[in-house]
Amino acid sequence: MNALMKEFQNKIYDKNEYKISNFKFEEEGKEYEACQFHLNQFFVLCRNSKITPKKTGQFVTFWKRNKEGITEPFHENDDIDFYIINVKKDSHLGQFIFPKAILIEKGILKTIKKDGKRGFRVYPSWDIVTNKQAEKTQKWQLEYFYEITEEEGFKSLLK
């Protein structure tokens, strides 16, 4: 398990009876510490995001290889319950926990009607967005964002 996931497990998951099992790193996606596991009964794909120098937000990949060895977006029929993205910047730490349904709705998972995405940008609460598209994206993403604080532990930004 990577350092960020251990931190979430110790500070949040264990205290709230969320048990990680069947943890394994994915061969590809090492740059994002790609892994998968069960969180209680749910199947989770997880990545650490990356801060890029020229754009606000953090970038994360979300793809698999097909039978021909070509990368493609995950599909709505793939066995995924949640996609967790760990984000960190300076003293800020949090997770985006996206359920499959929102990934379908936002065109991130491939469907009959949408091509899906191999990667995308996330905007934690501490990021100041500078354009309308990023503002719109941050608005829906924050509904699935949880920040960890020393004094309060894990808190939803909705509260």
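Q: Why does Glu17 count as exposed?
A: Its relative accessibility is 63%. Exposed means over 50% relative accessible area, buried means under 20%, and partly exposed lies in between (1.4 Å probe, protein chains only). At 63%, Glu17 is therefore on the exposed side. This is a predicted model, in which local features need pLDDT of at least 70, side-chain atom pairs count only at pLDDT 80 or more, and totals for chains, interfaces and linings use all residues. Residues are numbered from 1 along each chain as its sequence is written, and side-chain values use heavy atoms, leaving out hydrogens and water.

Q: What makes the backbone of Glu17 worth a look, and where is Glu17?
A: Glu17 has a positive phi of about 60°, although it is not a glycine. Its place is in the loop between helix 1 (3-13) and strand 1. Helices (H or I, at least four residues) and strands (E, at least two) are DSSP runs, numbered from the N terminus.

Q: Is Asn22 called buried or exposed, and how do you know?
A: With 58% relative accessibility, Asn22 counts as exposed. Asn22 is found in strand 1, and its phi is positive too, at about 55°.

Q: Why is Ile12 called buried?
A: The relative accessible area of Ile12 is 4%, so the residue falls in the buried class. Ile12 lies in helix 1.

Q: Why is strand 2 described as largely enclosed?
A: Strand 2 (residues 35-39) has five residues, and four of them are buried, so the rest of the structure largely encloses the strand.

Q: How do you know that strand 2 pairs with strand 1 and with strand 3?
A: Two strands pair if DSSP finds at least two bridges between them. Strand 1 (residues 20-25) and strand 2 share four bridges in the antiparallel sense, with Lys24 opposite Gln36. Strand 2 also runs antiparallel to strand 3 (residues 42-48), joined by five bridges; here Leu39 stands opposite Phe42. Strands 2 and 3 make a hairpin with two residues between them, and Asn40 in the turn has a positive phi of about 55°.

Q: What makes strand 4 and strand 10 the edge strands of their sheet?
A: Three strands form this open sheet, in the order 4-5-10 with antiparallel pairing. Strand 4 (50-51) and strand 10 each pair on one side only. Strand 4 meets strand 5 over two bridges, and Ile51 stands opposite Gln58 there. Strand 5 meets strand 10 over four bridges, with Gly119 as the bridge partner of Thr61.

Q: Which residues of strand 10 point one way and which the other way?
A: Gly119 and Arg121 point one way, Phe120 and Val122 the other, and all are buried. In a regular strand the side chains alternate between the two faces of the sheet.

Q: Why is the ring pair of Phe62 and Phe74 called tilted?
A: Rings of Phe, Tyr and Trp (its six-membered ring) pair if their centres lie within 6.5 Å; planes under 30 degrees apart are stacked, over 60 edge-to-face, and the rest tilted. The centres of Phe62 and Phe74 are 4.7 Å apart and the planes stand at 40°, so this pair is tilted. Phe62 is in the loop between strand 5 (58-61) and strand 6 (63-65), and Phe74 in the loop between strand 7 (71-73) and strand 8 (82-89). Phe62 counts as buried at 0% relative accessibility, and Phe74 is buried at 9%.

Q: How many aromatic pairs does the structure hold, and which residues do ring pairs link into a cluster?
A: There are 16 aromatic pairs. The cluster includes Phe62, Phe74, Tyr83, Phe120 and Trp140.

Q: What makes Lys50 a charge over the ring of Tyr32?
A: The rule asks for NZ of Lys or CZ of Arg within 6 Å of the ring centre and within 35 degrees of the ring normal. The charged end of Lys50 sits over the Tyr32 ring, 5.9 Å from its centre.
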